[in-house]
Amino acid sequence: MLSLDPKEIPTAKLHGYLLGAVAPRPIAFASTMDAEGNPNLSPYSFFNVFSSNPPIMIFSPARRVRNNTIKHTLENVLATKEVVINVVNHAIVQQMSLSSTEYAAGVNEFEKAGLTMLPSEKVKPFRVAESPAQFECKVKEVIHLGNEGGAGNLIICEVVKIHIHDEVLNDRGTIDHYKIDLVARAGGSFYSRARDGFFEIPKPIATLGIGVDQIPAEIRNSKVLTGNDLGILGNVEKLPTGEEIQEFTQHTEIEISENIETNHKAAKEFLEKGDVETAWKILLVK
C-alpha cells in the first residue's frame, strides 16, 4: 500500500491524489460579475450542497498551484457577494470545459463557450440558459483556508432563487435523474456521466482556444452540430490555413458535398472520433 505524508510531497502531486481518490465530484458552473459589471463564468468541482434550511451551497476556487494567484471568480465574489451556481449536464460538458480556459480579465466566457446569458431575478450575475438547474445565490461568507498555492477559499452561498427546466422533471414534479443527465468531475482529464460512467475530455490547451464566438456563423448556427461539438471546435488555438485546406481538398478521399448539412454531418463524425483537425478542414472547404 502506498502511504504518504501530505507535507512530504509536492502540492501538485498531492492535488492529483486527492482529486483522483475523492471522485466523482459535482460541478458548480459559477457565474459571477465584477465590480464594473463584466460577466465571468467558470467551473469548480470542489463543490456540494450542505444545508436545505437554510439552503446552503459551498464551492471553493483554490489558489493556483503554479503561481499562487487567485481566480477571477473569487475576486468577483469578494467584490459583489453574489453568484449563480449552474449545474452541468452532458449536453454542455464540452462548452463547460472550454470555459475553464484561463482567459484574461474582462473576457466573457459565455461568449467564448457559446452559452446563453439569461438574466437572473434576485442577483446580478447571469444564469446559463442551457443549464438544467440554476441557483441564484447570495454569498454569506468566504473562508480562506491558506495563503499558499493550492489553498482553497470556501464560498458559502445561500440560495435565494431556483430555476429548473421543465424537461428534466417527471410526472410528480421532481427531478428525473436520467433526464437531467448530470456530469461530475474526477481526476486528470476524467469526468463521470451519472447515468453511464466515466469518459475523458482532454484538458483545454495551455494557450487560449479561439472560442465559439470566433467560429464562422454558418458553422456556429449549424442545424447538425451540437453545443458540445462547437465547444470542441472552439478549443483549437488557430484554424487551418488556406494552404492547408487546399492541400486537404487535393489529397483527401473524403467526399466533400455542395450541401452544407452533409459536410457538417461528416465533420461531426470526425469530431466523435477525436479528429478535430480533419473536422475543421471539412467545415472550411469552400
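Predicted model: local features only at pLDDT ≥ 70, side-chain atom pairs only at ≥ 80, totals over all residues.
In strand 13, glutamate 200 is the bridge partner of phenylalanine 190.

Strand 12, residues 190-193, runs antiparallel to strand 13, and four bridges join the two. Both strands sit in an open sheet of four strands, with the order 1-11-12-13 and antiparallel pairing. Which strands stand at the edges of this sheet? They are strand 1, residues 25-26, and strand 13, residues 197-200. Each has a single partner strand, so one side of each has no neighbour in the sheet.

Next, two single residues. Glutamine 134 is part of strand 9, which covers residues 133-144. Is glutamine 134 buried or exposed? Its relative accessible area is 2%, and buried means under 20%, so glutamine 134 is buried. Its side chain makes a polar contact with the side chain of arginine 127, at 2.8 Å. Leaving out residues up to four places away in sequence, glutamine 134 touches, among others, Val84, Ile85, Asn86, Leu118, Lys161 and His163.

Aspartate 166 is the other one. You will find aspartate 166 in the loop between strand 10, residues 153-164, and helix 5, residues 177-180. Its relative accessibility is 62%, and exposed means over 50%, so aspartate 166 counts as exposed. From aspartate 166 to alanine 133 there are 33 residues in sequence, and the C-alpha to C-alpha distance is 9.8 Å.

Now the helices. Two packed helices are described by the angle between their axes and the distance between the axes.

Take helix 8, residues 242-251, and helix 10, residues 276-284: the angle is about 90° and the axes are 10 Å apart. Roughly perpendicular covers 65 to 115 degrees, and helix 8 and helix 10 are therefore roughly perpendicular to each other. On the helix 8 side, the contact involves Glu244, Ile245 and Phe248; these meet Thr278, Lys281, Ile282 and Leu284 in helix 10. By class, that contact has four nonpolar, one polar and two charged residues.

Helix 10 also packs with helix 9, residues 260-272, here at an angle of about 170° and with the axes 8 Å apart. Angles over 145 count as roughly antiparallel, so helix 9 is roughly antiparallel to helix 10. Residues of helix 9 in this contact include Asn263, His264, Ala266 and Phe270, while those of helix 10 include Val276, Ala279 and Leu283. The contact of helix 9 with helix 10 has eight nonpolar, three polar and no charged residues.

That is where I stop.

Notes: Residues numbered from 1 in each chain as written. Heavy atoms only, no water. Buried < 20%, exposed > 50% of the residue type's maximum accessible area, 1.4 Å probe, protein only. Polar contact = N/O pair within 3.5 Å; in protein donor to acceptor, adjacent residues only side chain to side chain. Contact = heavy atoms within 4.5 Å. Pairing = 2+ DSSP bridges. Axes fitted to C-alpha atoms, helices over the stretch in contact; angles between N-to-C directions. Parallel < 35°, antiparallel > 145°, perpendicular 65-115°, else oblique. Nonpolar A, V, L, I, M, F, W, Y, C, P; charged D, E, K, R; others polar.
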